[in-house]
Amino acid sequence: MATEKELLERITVRPDVFGGKPIVRDMRIAVEHILGMLAAGDTAHLILQEYPFLEPEYIQACLVFAHRSVAGEQVHERMPLRAAR
């Protein structure tokens with residue numbers, strides 16, 4: 001099982017993607033999109049079916065990111081920015 005640090009490394013911020021919102025490791029899927037799907041009642045299994053290139057750890061990483069953010073940690077500001085490719 002991955003540590004929280006390892007999970008958070010799966011979340012990146014790129015100024016050229018979605019205006020710098022946190023995304024699933026350099027893919028064009030915003031963390032808020034995954035969280036929105038979960039909030040709407042979609043299961044992790046369904047999300048993985050719809051996005052077969054994702055791994056379960058990406059969903060867990062989004063949840064860890066959300067938890068840390070709600071807990072008042074400045075997770076977003078501490079994340080390294082990724083340069084445009």
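Modeller: Start with Ala 2, which has a relative accessibility of 30% and so counts as partly exposed. Keep in mind throughout that this is a predicted model.

Colleague: Where is Ala 2 placed?

Modeller: Ala 2 lies in the segment before H1. Its C-alpha is 7.8 Å from the C-alpha of Glu 57, although 55 residues separate Ala 2 and Glu 57 in sequence.

Colleague: Let me step back. How many helices and strands does the protein chain have?

Modeller: The protein chain has five helices and two strands. Going along the sequence, they come in the pattern α-β-β-α-α-α-α.

Colleague: And what share of the residues is buried?

Modeller: Of the 85 residues in the protein chain, 34% are buried.

Colleague: What about contacts between residues 24 or more positions apart?

Modeller: Take the contacts in the protein chain with a separation of 6 or more: 51% of them are between residues 24 or more positions apart.

Colleague: Now helices. How do the axes of H2 and H4 cross?

Modeller: Helix H2 covers residues 31–39 and helix H4 covers residues 56–70; their axes come within 9 Å and cross at roughly 95°. H2 is therefore roughly perpendicular to H4.

Colleague: Which residues meet there?

Modeller: From H2 there are Val 31, Ile 34, Leu 35 and Leu 38, and from H4 there are Ile 59, Cys 62, Leu 63, Phe 65 and Ala 66. Sorted by kind, the contact of H2 with H4 has nine nonpolar residues, no polar ones and no charged ones.

Colleague: Pick Leu 35. What does it touch, beyond residues up to four places away in sequence?

Modeller: Leu 35, which is found in helix H2, touches Cys 62, Leu 63 and Ala 66 once those sequence neighbours are set aside.

Colleague: Why does Leu 35 count as partly exposed?

Modeller: Its relative accessibility is 24%. Buried means under 20%, so Leu 35 counts as partly exposed.

Colleague: Next topic, Arg 10. Is that one buried or exposed?

Modeller: Arg 10 is buried, with a relative accessible area of 14%. It is placed in the loop between helix H1 (4–8) and E1.

Colleague: What is Arg 10 in contact with?

Modeller: Leaving out neighbours within four places in sequence, Arg 10 is in contact with Ile 23, Val 24, Arg 25, Glu 55, Glu 57, Tyr 58 and Ala 61. As for Tyr 58, the charged end of Arg 10 sits over its ring, 4.7 Å from the ring centre.

Colleague: Speaking of rings, how many aromatic pairs are there?

Modeller: The count is one aromatic pair. The ring centres of Tyr 51 and Phe 53 are 6.0 Å apart and the planes are at 80°, so this pair is edge-to-face.

Colleague: What is the relative accessibility of Phe 53?

Modeller: Phe 53 has 48% relative accessibility, so it counts as partly exposed.

Colleague: Last one. What is the phi of Phe 18?

Modeller: Phi of Phe 18 is near 50°, which is a positive value in a residue other than glycine. Phe 18 is in the loop between strand E1 (11–13) and strand E2 (22–24), and with a relative accessible area of 39% Phe 18 is partly exposed.

Terms used
Residues are numbered from 1 along each chain as its sequence is written. This is a predicted model: local features need pLDDT of at least 70, side-chain atom pairs count only at pLDDT 80 or more; totals for chains, interfaces and linings use all residues. Side-chain values use heavy atoms; hydrogens and water are left out. Rings of Phe, Tyr and Trp (its six-membered ring) pair if their centres lie within 6.5 Å; planes under 30 degrees apart count as stacked, over 60 as edge-to-face and the rest as tilted. Buried means under 20% relative accessible area, exposed over 50%, partly exposed in between (1.4 Å probe, protein chains only). A charge sits over a ring if NZ of Lys or CZ of Arg is within 6 Å of the ring centre and within 35 degrees of the ring normal. Axes are lines fitted to C-alpha atoms, for helices over the stretch in contact, and angles run from 0 to 180 degrees between N-to-C directions. Helices (H or I, at least four residues) and strands (E, at least two) are DSSP runs, numbered from the N terminus. Angles under 35 degrees count as roughly parallel, over 145 as roughly antiparallel, 65 to 115 as roughly perpendicular and the rest as oblique. Contact means heavy atoms within 4.5 Å. Ala, Val, Leu, Ile, Met, Phe, Trp, Tyr, Cys and Pro count as nonpolar, Asp, Glu, Lys and Arg as charged, and the others, Gly among them, as polar.
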